[in-house]
Amino acid sequence: MNKLFLIIKREYIAKVRNKSFVVMTFLSPVLMVGMGVLIAYLTKINDNEKSIVALLNESDYFSNEFLTTEGTSFIHFNEINLETAKDSTLKMGYSGLLYIPKESNLEQVVARSFFYSKKSPNTSLISRLELVFQDRLREKRLQNLGVSAKDFSALKVNYAINTATFNGKQNVKGINEIKAVIGGAFGYLIMMFIIIYGGFVMRSVIEEKTSRIIEIIISSVKPFQLMLGKILGTSLAGITQFLIWILLGSLLMVIAFSFLDIELSALQNGAELTASINTTIPTMDQTMQVYAQELIDIPWFTLISFFIIYFLLGYLIYSSIYAAIGAAVDNETDTQQFIFPTILPLMLAIYVGFFSVFSNPHGPIAVGFSIFPLTSPIVMLMRLPSGIGEGGVPLWQLLTSILLLVVTFIGIVWLASKIYRVGILMYGKKPTYKEIFKWLKY
Amino acid sequence: MNNILVTKEVTKHFGKHIALHNVSLEIPRNSIYGLLGPNGAGKTTLIRIVNQITHPDKGSVFFDGEKLKAEHIAQIGYLPEERGLYKSMKVGEQALYLAQLKGLSKAEAKKKLKFWFERLEIGDWWDKKIQELSKGMAQKIQFIVTVLHAPKLLIFDEPFSGFDPINANIIKDEILKLKEKGTSIIFSTHRMESVEELCEYIALIHKSQKILDGKLSEIKKAYKNNIYKIGMQVPKGEALLGELSGKFKISTSDYNIVEQQLDFTMQFPGKETGEILSYLSSKGNINSFVETIPSANEIFIKTVQSKNNNE
C-alpha cells in the first residue's frame with residue numbers, strides 16, 4: 001500500500017509539474033473564454049452593421065411596406081429610370097437596389113421584381129425582402145377570396161397537445177430533450193476525461209518504456225501496482241486540472257462579460273422578449289413554471305451519485321486499456337491502430353445515445369446502450385435525469401448495467417494488466433493483435 | 001546454507017518458445033558468480049525470475065535458504081540490461097523515489113544517497129535533470145540506485161556496457177569492495193572475457209539450458225589439454241618442426257630465420273613433460289614455456305560443440 005502511495009505521488013507530481021500541463025491548465029480557460037468573448041463581440045458588431053437598400057418602386061401595389069428596421073434602411077428613388085438608379089446605388093455604395101416594375105397586376109409585379117447588388121447578397125436581407133412580397137401576395141389573394149385580414153389572423157391556430165403521466169403528473173413536451181442534454185453533459189464530461197487522461201496514462205507508460213526505467217521499477221514493485229498507481233496519479237492530476245478549469249473559467253467568464261457589457265445587453269433583450277411573449281400568450285408563464293419545476297424535480301442527488309459511480313468504473317476500464325496499449329507499443333505513432341477501436345464505443349455512446357435518448361429515453365436502443373458496459377457510463381447518465389423507477393429508468397436496468405460494468409471492469413483490468421506486464425518488457429517490435437492475444441497466455 | 005541463491009529445475013515457456021529448461025544453479029554466498037551465454041540463451045529470463053518480475057512455470061527458487069517471496073525484493077539489487085531513468089525528473093528526487101520503492105525510509109535513503117554521491121564525486125548533480133547528463137553519468141546514478149539499499153545479492157546484467165573505461169574501472173572497484181563487505185554478486189554477460197577476471201564461479205547457459213557450471217579455476221583445470229606454448233632458439237627450426245609434427249599435435253607455428261626463433265603450440269600426449277622438455281633443450285635453447293589455459297569463451301565453444309555432436 002505504501003509503495004502504491006509513492007507511485008501515485010510521483011505520477012501526480014510529475015504530471016502537475018510538467019510544463020505543457022501547467023500551460024494547458026491555465027491557458028485553456030483563458031482561450032475558451034477569450035473565444036467566447038470574441039464570438040459574442042463579433043456577432044454584436046455584425047448585428048450593428050446596417051445595410052442600406054435603394055428602392056425604385058414604379059408600381060402602385062407597394063407604398064410603405066418596406067419599413068426601416070434595426071438592420072436595414074431603405075432609400076426611396078423617385079422618377080428616375082432603372083439605369084440611373086443602378087448607377088447611383090453603386091456610387092453611393094449602398095448594399096443593393098430593389099427594383100419593383102410597373103405592371104398590370106400584382107402577380108406580374110412580383111414576378112418581374114429584381115434585387116441588384118455588387119456582391120452576392122446577404123441571406124437575411126433577402127429573406128426579409130421576400131417576406132414583404134409574400135405578405136403582400138397573401139393579402140392580395142385573401143382579398144380576392146373575400147377574406148379580410150382580421151378574419152385571417154383569427155384563423156391562425158397554435159395548438160400543443162396536453163401530456164401527462166398516468167398518475168396525473170403533468171408531462172412537459174421537450175423536457176425529455178432538456179433532461180437528455182443535462183445527462184448528456186455528464187456523459188460528455190466522462191468521455192472527454194477518458195480521452196484526455198487515458199491518453200496521459202498511455203504516454204506515461206510509453207515514456208517509462210522508452211526511457212528504459214520500467215525494469216528497474218518493476219524489480220521493486222509489482223507491475224499491477226505500477227499500472228494502478230499510474231492510473232490513479234494521472235486521474236488525480238486530471239481532476240485537479242478540471243477543477244482549476246471550472247473555477248478559473250467561471251471567474252474569467254464573469255469578469256469578461258461584465259467588463260464588455262455583453263451579458264447585460266443580452267439579458268435586457270431577453271427580458272424584453274419574454275415580456276412581449278408574456279403579454280401575447282398568457283399560458284407561457286405557466287409553462288415556464290412547469291419547466292422550472294421539472295428541472296428542480298430532476299433527481300440531482302441520484303444523478304450525481306451515479307455520475308461518480310459510472311465515472312469511476314468507466315474511467316478505470318478505459319484507462320487500463322490505454323495503459324495496456326502504452327505497454328504494447330514502443331512509440332506513440334504505433335498506438336493509432338489500437339486507439340481507434342478503443343474510442344469507438346465512446347463515440348457510439350455519445351452520438352447514438354444522444355439521438356436515441358433524445359427521441360425516446362426508454363426505447364430499445366437507449367436501453368441496450370445503457371446496459372452494454374462499454375457505453376453504459378455515458379448513455380445511462382443521459383437517461384437518469386428522468387429518475388429511477390416509475391416514469392424513469394427501471395431499477396433492474398440500472399442494477400444490470402452497474403453489475404455488468406463491475407464484471408467488465410474486473411475482466412478488463414485483469415486482461416490489461418496481463419498485457420501490460422508482458423508488454424512493458426518487449427522492445428523493438430511493433431505488436432499485432434495476434435501477438436498481444438498470445439501474451440495473455442504467458 | 002552456503003548458498004545465497006539456489007534454483008531447482010526452473011522452466012519457463014513463452015508460448016511455444018522455451019526460455020529456460022530445467023535450470024538448476026547454486027550460487028555461493030559472498031562470491032562473484034558469472035552467468036555466461038550468448039544473447040537469447042535465457043539469462044535475462046532467469047534473472048527476471050529471481051527478481052520476481054516473471055514467475056517460473058515449473059521449479060523453485062530459494063533465496064538465503066527460504067523459498068523466494070515478495071519480501072526478498074528488498075534484499076536484491078538489480079541493474080537490468082535495458083536500463084534508464086526518468087528523463088525529466090531531478091537526479092536526487094529520482095534516486096530517493098527508487099530507494100523508497102525498495103523499502104528504505106526517506107531519511108535513511110537521503111543519508112545513504114549523500115554518502116554515495118560524495119563517494120563517486122557527483123554531489124553537485126542532485127538538482128540536475130537526467131536529460132542534462134551524459135550516458136555514462138546516468139549509469140553512475142543507476143549503479144548507486146542499485147546498491148543503495150545494501151542488498152545481500154546484487155545482480156548486474158551487462159554492467160559495463162555504456163561505461164567508458166575509466167568509469168568502468170571505478171564501478172569494477174566498487175563492486176569488488178562490496179564483495180569484500182560480504183555481498184554476493186551475479187554478473188550476467190555474453191562478453192565472456194570481460195568478467196572472467198572477476199568471477200570465481202560461472203555457469204554457462206546455452207539455448208535455455210545450463211550446460212556447465214562450477215568454480216572457474218576447476219573448470220579451467222578440467223578443460224586444459226596439456227597444450228603448451230613454446231619458444232626456442234634453434235638453428236634448424238623447420239627441420240625440428242617437421243620432426244615434431246610427425247609425433248605430436250602442433251597447432252600454431254612460426255619460424256623466424258634471421259633470429260632463428262621458433263614459436264609453436266603443441267599438445268603433449270601425457271602428463272610427463274620432462275622427457276619432451278629435455279629432448280627439446282638438446283635441440284636448442286628454450287626461452288619460453290607456458291601452459292595455455294582455455295578462456296571461458298573457448299570452454300564455452302568447446303562445450304557447445306561437443307553437446308551438438310552428441311545430439
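Here is a short exchange on chain B, taken from a predicted model.

User: Which residues is Tyr201(B) in contact with, leaving aside its neighbours within four places in sequence?

Analyst: The partners are Pro28(B), Ser31(B), Tyr33(B), Gly34(B), Gly214(B), Lys215(B) and Leu216(B). Contact here asks for C-beta atoms within 7 Å. As for Ile32(B), its C-alpha lies 6.6 Å from that of Tyr201(B), although 169 residues separate the two in sequence.

User: What makes strand E8 (residues 184–189) of chain B largely enclosed by the rest of the structure?

Analyst: Here the count settles the matter: 6 of the 6 residues of E8(B) are buried, so the strand is largely enclosed by the rest of the structure. Ser184(B), Ile186(B) and Ser188(B) point one way, while Ile185(B), Phe187(B) and Thr189(B) point the other way, and all are buried.

User: How do you know that E8(B) pairs with strand E3 (residues 32–36) of chain B and with strand E7 (residues 153–157) of chain B?

Analyst: Pairing needs at least two bridges. E3(B) is joined to E8(B) by 5 bridges, and the two run parallel. E7(B) is likewise joined to E8(B) by 5 bridges, again running parallel. For individual partners, Tyr33(B) bridges to Ile186(B), and Leu154(B) bridges to Ile185(B).

User: What connects E7(B) to E8(B), and what is the handedness of the crossover?

Analyst: The chain passes through helix H5 (residues 165–180) of chain B, making a β-α-β crossover that is right-handed. That label applies if, with the strands pointing away from the viewer, the path over the helix runs clockwise.

User: Zooming out, how is chain B divided into domains?

Analyst: The assignment gives domain 1 (3–221) and domain 2 (225–291), with C-alpha centres 45 Å apart. Separately, an unreviewed UniProt entry lists residues 5–232 of chain B as "domain: ABC transporter". Over those residues the chain is 33% helix and 30% strand.

Key:
Residues are numbered from 1 along each chain as its sequence is written. Chains are lettered from A and ligands numbered from 1 in the order in which they are written. This is a predicted model: local features need pLDDT of at least 70, side-chain atom pairs count only at pLDDT 80 or more; totals for chains, interfaces and linings use all residues. Domain bounds come from an automatic or database domain assignment. A residue is buried if 20 or more other C-beta atoms lie within 10 Å of its own, exposed if 12 or fewer, and partly exposed in between; C-beta atoms are placed from the backbone. Helices (H or I, at least four residues) and strands (E, at least two) are DSSP runs, numbered from the N terminus. UniProt positions are given in the numbering used here, feature names are shortened, and annotations may be inferred rather than shown by experiment. Two residues are in contact if their C-beta atoms, placed from the backbone, lie within 7 Å.
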